Amino acid sequence: MTADLLAPVHLLDAWRARFEDLTVELAGRHDLAITLAPSTAALAVRVAPGAAAVAEVALGVPLPTRPLAWEPTLRGQSLHLGPDEWLVTDVAATSAAAWEAVTRPALAAVGAAASDVSAQYADLRLQGRAARELLSFGCALDLRPASFGPRTCARTLLGQSGVLLVGHDDGEFQLLVRTSFAGYVAAWLLDAAEEYR
Amino acid sequence: MTRLDGHGRIDRSRTLRFVVDDVAYTGHPGDTLASALLAHGVHRLGTSVKLGRPRGIGAAWVEDPTGLVQIEEPFPEPMLLAATVELTDGLVARGVGGRGRLAQVPDTARHDRQHHHCDVLVVGAGPAGLAAARQAARAGEDVVLVDDRSEAGGTLTGTETIDGRGSRDWAADVVAELAASGTVLHLQRTTAFGHHDDGYVLALERRTSGASRQRVHRIRAARVVVATGAIERPIVFEDNDRPGVMLASAARDLLHRQGVRAGSEVVVFTSDDAAYATAADLHDAGARVTVVDVRPTPPAAGPCLERDIVVHGNAVVTGAEGEDHVTGAVLGDGRTLPCDLLLVSGGWNPTAHLFSHVRGALRYDPELGAFRPGEELPGTRVVGAANGVLDLAGGLRDAVGDAAPAVVEQPRTPTTVLWRVPGDPARQFVDLARDATVRDIERAVGAGMTSVEHVKRYTTIGTAHDQGRTSGVIASGITAELLGRPIEDLGTTTFRPPYVPVAFAALAGRERGDLYDPVRTTVLHDRHVAAGAVFEDVGQWKRARHYPRAGEDMAAAVLRECAAARTGVAIMDGSTLGKIDVQGADAGVLLDRLYTNLMSSLKVGRVRYGVMCGNDGMMIDDGTVLRLADDRFLVTTTTGNAAVVLEWMEEWLQTEWPDLAVHVTSVTDQWAVLPVVGPRSRDVIGAVFGDVDVSNDAFGFMTWQDTVLDGVPVRLARISFSGELAYEVHVDARYAPALWDRLLEAGRPFDITPYGTETMHVLRAEKGYPIVGQDTDGTVTPQDLGMSWVISKKKTDFVGKRSFARAENLNPQRKELVSLLPTDAATTLPEGSQIVEFRADGALPPPPVPMLGHVTSSYRSAALGRPFALALLKAGRSRVGEVVHVPVGDRLVAAEIAPTVLVDPEGARRDG
């Protein structure tokens, strides 16, 4: 019985309509859209120093080593978070737990680790010409395209919440937020957009 | 009216109404409150702070030491300078007696902030700043240009010629070019108030559009160009604080910006050339002007001769006549020149504050008679008048070198430095805002002070709203004269941020109300709200404290929730628990070193409670550890310490033990944790997870098992923080709401009761389980808590071990955790209460009364049918059975000392 299956929730579901209202309200005056991306499977990958090359073979996903870089993978993203730390997502993995179970032995063999963090992040997208300015109201990073373009990611603060900020093509920004802070960040974004209302 | 047709850049087509000291006036857009008052001939504003002397408008911008007002409308703001308040319709203000008044109503206006990054930040949009910004923009650089006035151009009046154009037309051309460049952010009404390391500048914008009243811009620039001009300084004479005494530059500024002639009978007292332009302009505007020049041969008198302006050379003004307003200037030879405006010009102090903020040293320039930037700083350049280059052509060249536009002007002659004229030092005001006189400096020097920093603090000169913009250097000069030492040796006091006063509301920005501090919520938050939970803040988390039913207060709700957990089944949201995934071949080694007990011996499938101590042997956290695999543990921490423990682990791994093959990853938000507690919890868990054998033999205490529910992995663990039979249900947080509903549904036959943190606290206290941070405070060891059993005797070392052998740690008089049972079986002792020895007479003796300890936790117990408390008490365990007194209000409450475990001391309830 479908009704009996455990149903996952998106923590920011309650905010979806308010974000949509904002885009409609600003249409024609300010180019800004805040949307929620669907939850994906995600692994936090930790690698021993210098072992990224062997770890990416074990993982089957590239691990970019340039600081603040991320790469698209066949089915998701591979984001470089720190000298020995990556976040790897997979939109197609139906069970992150199974993915973790398969991956972990191969990674462990090369001194690396993987943890299922699929429920750990809410994924927000900011699009439109006003997106960069909106972020500048609470993020101290240099977000000029030459400094923070597509394929760039950084853990930083937005307002008072830690976020993982990810640059995409066309000036789009992805915000990966710890789910417990997602409500704060959603409220913060809407409040920041008061400037345009 | 002294508003002149044909002068000024105000918008005369619109009239603004305002009220000052209960009198209604009118002004125009482009006016400041000061200019609009002066247009009506009003100089006077309030009285001085100490002596109650009349105060007036003394300058036209932030350097004014006196023209302070209390704004009443549109919103109460204390101590603003009339000279810097832009006139708005409906403005209501009054002069102050040296002190303002904070608003009694909340300010609803919005304030915010914005971050910027640029190649060049130019501070000041006068001629030098405009030229520097244009040069950078033409080179394709990202430029931010900020200026504190309402329009660009600085002190250009329009009478100058730059590149063959009227100076204001030239400025307008540059502004248009910057706007068209696409790489320049140009902000007027924006005051750079702090300059910090690595090109970080804070600037406050007074906004005229957008959602916020003010905005703090946080600008990170590769290079900073300081083009902030110079501020004229006065010369000190008797009664120089009378309303109608003003800086000469201010009168010229008012004339050209707002078309206001601040007086009609004008005496200009000067030792510098610039005042002659003021004299000529005021004469041309219809005033009768007399110049009194300190210098024997006034060098710039030419324009005055053309205009029949009388110039007294080799002369000084020694005093001002008049009380509420100046009526005359007393000359050194005893003559009095009648006047209604006495202008003063004693030279110029470069506005090098932003250079000083980053520790740039200022150097006294005798030629200039002022302090100017005295060294090169990487990344910061000071140009134009701020660098002591006072002429227009020189300033432009200083800013952009050979790219400077062409200017023709009279060469300047040096200022003659004169700090003060002879006179009664008690009536010679140095800092008008502080009522501080030359006499006060004499006292400071007489008291033996030789440092200008000491003199500043002794006299308070330079500590008011204006930070001594017109008085600081003069105070140095007079101090030097009194000491008979050159001013070069004394220097001047240090400029520190902020350059201008900044409202706290602006600094707070949007971090107020709901956004004051992030509110963290679990995925079940909406469920708790719907269930009517009362929340409490635990760190940044909102946690359900209790779930009152209709008519229940907290005490009643908690008694009911506790009873459910002890007699039926209850459920809570424990998702805020910190969780750390520890993986790697050396995972057990790491945990053995950080926990006081042995973790590496834990078998897969089992759970162990552990305690962590700091280097000092004091307890910093506790929690359970689940061994998930040979090379993997799930560590849980207290809610408030999740980040602390993760950082603690990372610090050790990265700094001391990089050889260990371990990785630690926070998974706090990944897993929801739902404790199901009580004698009927086995029924509920068994009903929901049909695949799991929940019998005690198959699923023992402190073990865990994985299962799958509708395809979703779930981990169950027999962990109890209440002493009751209990299961923790761990699930991917996205599925937690559905699983919560499922557990409630399955528990309905047993009247399953959601419980909050308050009930959790009572249940654990009844079992003597301490809470780190409530029953401990950073001075408490595991032994103090009666937990010697958690300290491994097998391990050769672990963090904190060495401290356990310190003499003080072995002191039998250390405070130990015990429980207290008020003998009246009725009083709930307030947490934090002090404990004293029992007094047979029931009265507290006179102080000092030795304090034996304090109450750390205190509750009413449903299981015991009485209140009880946990307490840290000197040598407490050796005193079980004795009675002590606890002062509560003005009475002493007797309480018996008891062991910490009050409910089910034999642990019979654990397995159901």
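1. Basis of the model. The model is predicted, so that local features need pLDDT of at least 70 and side-chain atom pairs count only at pLDDT 80 or more, while totals for chains, interfaces and linings use all residues; side-chain values use heavy atoms, with hydrogens and water left out. Residues are numbered from 1 along each chain as its sequence is written, and chains are lettered from A and ligands numbered from 1 in the order in which they are written.

2. Domains of chain A. Chain A is split into domain 1 (13-38 + 120-196) and domain 2 (41-119), with bounds from an automatic or database domain assignment. The C-alpha centres of domain 1 and domain 2 of chain A are 25 Å apart. Contact (heavy atoms within 4.5 Å) involves 15 residues of domain 1 of chain A and 15 residues of domain 2 of chain A.

3. Area between the domains. Domain 1 and domain 2 of chain A bury about 1,200 Å² between them, with 57% of it on carbon and sulfur atoms; buried area is the accessible area (1.4 Å probe) that two parts lose on being put together, summed over both. A:Arg151, A:Cys153 and A:Arg155 supply 46% of the area that domain 1 of chain A buries against domain 2 of chain A, more than any other three residues.

4. One salt bridge is counted between domain 1 and domain 2 of chain A, where a salt bridge is a side-chain nitrogen of Lys or Arg within 4 Å of a carboxyl oxygen of Asp or Glu. The side chains of A:Arg155 and A:Glu85 form a salt bridge at 2.9 Å, N to O. Eight residue pairs, both at pLDDT 80 or more, are in polar contact between the two domains of chain A. A polar contact is a pair of N or O atoms within 3.5 Å; within protein, one must be able to donate a hydrogen and the other to accept it, and residues adjacent in sequence count only if both atoms are side-chain atoms.

5. Extent of the chain interface. The contact takes 53 residues from chain B and 49 residues from chain A. About 4,300 Å² is buried between chain B and chain A, and carbon and sulfur atoms give 48% of this area.

6. Pairs across the chain interface. Nine salt bridges are found across the interface of chain B and chain A, as are 36 residue pairs in polar contact, both at pLDDT 80 or more. B:Asp669 and A:Arg178 meet through their side chains in a salt bridge (3.6 Å, N to O). The side chains of B:Arg215 and A:Glu195 also meet in a salt bridge, at 3.2 Å, N to O. B:Arg215 lies in strand E15 (residues 214-226) of chain B and A:Glu195 in the segment after helix H5 (179-192) of chain A, so the pair joins two chains. Helices (H or I, at least four residues) and strands (E, at least two) are DSSP runs, numbered from the N terminus.

7. Form of chain B. Chain B contains 20 helices and 49 strands. The radius of gyration of chain B is 38 Å, whereas a compact globule of 912 residues would have one near 29 Å; the radius is taken over C-alpha atoms, and the globule rule is 2.2 Å times the number of residues to the power 0.38. The C-alpha trace of chain B spans about 115 × 70 × 55 Å along its principal axes.
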